[in-house]
Amino acid sequence: MAAPTTPPSALADAVRDESSLRRFLHGLPGVDQVGVEQRAAGLGTRSIKKASKLHAIDLAISMVDLTTLEGADTAGKVRGLAAKAKRPDPERPDVPPVAAVCVYPDMVATAAKELQGTGINVASVATAFPSGRSTLDIKLADTRFAVREGASEVDMVIDRGAFLSGRYGQVFEEIVKVKEACGDAHLKVILETGELVTYDNVRRASWLALLAGGDFIKTSTGKVQPAATLPVTHVMLQAVRDWKAQTGELRGVKPAGGIRTTKDAIKYLVAVHEVAGPEWLDPHLFRFGASTLLNDLLMQRRTQLDGHYSGPDYVTVD
Amino acid sequence: MSDRLTVAKTYKLYIGGKFPRSESGRSYPVADAKGTFLANAAQGSRKDARDAVAAARKAFDAWSGATAYNRGQVLYRVAEVLEGRREQFISEVATSEGVPAKKAQSLVDTAIDRWVWYAGWTDKIAAVLGSSNPVAGPYFSFSTPEPTGVVAVLAPQQSSLLGLVSVIAPVIASGNTCVVITSQDRPLPAITLSEVLATSDVPGGVVNIITGRTAEIAPWLASHADVNALDLTGAPDSLRADLERAAAGTVKRVLRTKPNEDFTATPDMSRLRAYLETKTVWHPMGV
């Protein structure tokens, strides 16, 4: 079994071979389902108002991975999205740019050209997204292609079939190889929590991805329901917090899919602050995978600043 | 045998086809014309108005896209359900407005007839307000009326049913959706109308009914950027100028009406016309 790129010493034993990996993952404490759901719902009721709300909206905008992953994507649509990423609200230059634009590998070159020199990253899904059902060679070729085209972040999917059948070694190996193929590009590992069934599995998959060297753990592809939920994000935030405690390394979390309103986004930010810590309130460590969320954030921002409700006529259609 | 206990009702709002409580959790007592307690009504807040506008916007595409014939059929069906609730409306109008039963009966009958009158207009508006324009060139040029969008309606304060029907029906007949702030002191017939709408074929969100203080909610609707028109009928006099100014900020259609409008008189097309835009299409001849 190949070693991860940066083996954290305290956890080196866990990745020695397949059986010790299994022992480690199954030795993780179980998730208290009722407890985590109750805590997520409880934190969701926290009221964020006025200046704090405005700050939260701007922070959320700067954390958005503006995403288009449709079969009908065209170069024109990607260019439009890139323009929006640079200046989300053209009438208000003080709105921060988003963190990244997320596209399919064949659109990376188009996005990279538009975003050159802006500081906005180009993220690309890879490894036979969204199902992950292909051979390792094809997954690696997919990853290398995306990176060669100019992607600075790669969103890979894990093989859920292998994970659910208990072949953790195979999943681990794949993540390690994809991470190698990424080179300098950041790797986000999509767990597709909607297919993992239990919170215990989410916790195991999170640790597996962190052990294998994923820079981010991401909830979903957005193609499977349920996508991101607050309790699942809680479990993943706990994993990165515990990872920091054990290794000193900071890893990120990205909920994606189904986050459409400012209210939802702020609930996630509250969860980040309370579960992981204020350190994670940073686009380098927390992202939203979203497309429609950005428009709602912009409308809420206008509502806060203008003193009256805004409407969809005042933001760009995409 | 014991006497039955009377339990005072606490009504709710009507937003997006559902009956939610006010987001604010408030309610207020409603009294009849003599000051006797009748029931509690929900006291809507600005956030209820915001939710109602979102529901109305969501319903707009399907309602404005339905054929005029279909809208007509839906509105006729509403009139049938109104007729079925006639006795309830008569008693509510009599107590709310403090008029004798005979007068209340005639008001309710006129209200139902008014609804039918506007229902009949649905498939005639385009023929009457649209035109084929004579142009100097080899083109056809057509003008057709189109619904303007989401209309905020401040319902009349005095006429609790006839007035209400006279302001809602023309808005939705042409394909608009609306958010209605009911008469502040006489909301009961409006609440019953929402039950009528919920049990007829009108899609949820086409009519949203909010009870509460008009002066509290109206400014938020007047300034709301996703509201396309504002009916000032039930606005307090002291607030009219401010509401118009706020509406101008987002270029709304504003319907200014004379105070103490007589709703028993047969209406003309002015209320229908107020919420329409004209779309003109040029088309080359012979293609």
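Q: Got it. Where do the model and the numbering come from?

A: This is a predicted model, where local features need pLDDT of at least 70 and side-chain atom pairs count only at pLDDT 80 or more, while totals for chains, interfaces and linings use all residues. Residues are numbered from 1 along each chain as its sequence is written, and chains are lettered from A and ligands numbered from 1 in the order in which they are written.

Q: Okay, chain A. How many helices and strands are there in chain A?

A: Chain A has 12 helices and 8 strands. Its radius of gyration (taken over C-alpha atoms) is 19 Å, close to the 20 Å that the globule rule gives for 318 residues, so chain A is as compact as a globular protein of that length. The globule rule is 2.2 Å times the number of residues to the power 0.38.

Q: And what box do the C-alpha atoms of chain A fill?

A: Roughly 60 × 45 × 30 Å, taken along the principal axes. For chain B, the box is roughly 85 × 35 × 30 Å.

Q: How much of each chain counts as buried?

A: In chain A, 50% of the 318 residues count as buried, and in chain B, 46% of the 287 residues do. Buried means that 20 or more other C-beta atoms lie within 10 Å of a residue's own; exposed means 12 or fewer, and partly exposed is in between, with C-beta atoms placed from the backbone.

Q: New topic: which residues have the most contacts inside the largest nonpolar core?

A: Those are A:Ala60, A:Val64, A:Val101, A:Val189 and A:Leu208, in a core of 100 residues. Apart from that core lies another, of 84 residues, with B:Phe60, B:Leu75, B:Ile112 and B:Leu272 among them. A nonpolar core is a set of buried Ala, Val, Leu, Ile, Met, Phe, Trp, Tyr and Cys residues joined through C-beta atoms within 7 Å.

Q: What does A:Val101 touch?

A: Not counting residues up to four places away in sequence, A:Val101 touches several residues, including A:Leu66, A:Leu81, A:Ile120 and A:Val122. A:Val101 is in strand E2 (residues 100–103) of chain A, which is covered on both faces: A:Ala100 and A:Cys102 are buried on one side, A:Val101 and A:Val103 on the other.

Q: Which strand is joined to E2(A)?

A: Strand E1 (residues 64–67) of chain A, through 3 bridges, and the two run parallel. In that pairing, A:Asp65 stands opposite A:Ala100. Two strands count as paired if DSSP finds at least two bridges between them.

Q: Back to chain B. Is helix H8 mostly covered or mostly open?

A: H8 (residues 214–223) is mostly covered, with 7 of its 10 residues buried. Among them are B:Ile217, B:Trp220 and B:Leu221.

Q: What do those buried residues pack against?

A: They pack against helix H1 (46–65), strands E5 (150–154), E6 (177–181), E7 (207–210) and E8 (229–231), and helix H9 (240–248) of chain B.

Q: What's up with E7(B), are its faces covered or open?

A: Both faces of E7(B) are covered: B:Val207 and B:Ile209 are buried on one side, B:Asn208 and B:Ile210 on the other. E6(B) and E7(B) run parallel, joined by 4 bridges, and B:Val179 stands opposite B:Asn208.

Q: What order do the strands have in the open sheet of chain B?

A: The order is E3-E4-E10, 3 strands with antiparallel pairing. Strand E3 (131–132) and strand E10 (276–284) stand at the edges with a single partner strand each, so one side of each has no neighbour in the sheet. E4 (residues 139–147) is joined to E10(B) by 9 bridges, and B:Ser143 has B:Thr280 as its bridge partner there.

Q: Last one: where is B:Val135 found, and is B:Val135 buried or exposed?

A: B:Val135 sits in the loop between E3 and E4 of chain B. B:Val135 counts as exposed because it has 10 C-beta neighbours inside 10 Å. B:Val135 and B:Trp282 are 147 residues apart in sequence, yet 9.5 Å apart in space, C-alpha to C-alpha.

Notes:
Contact = placed C-beta atoms within 7 Å.
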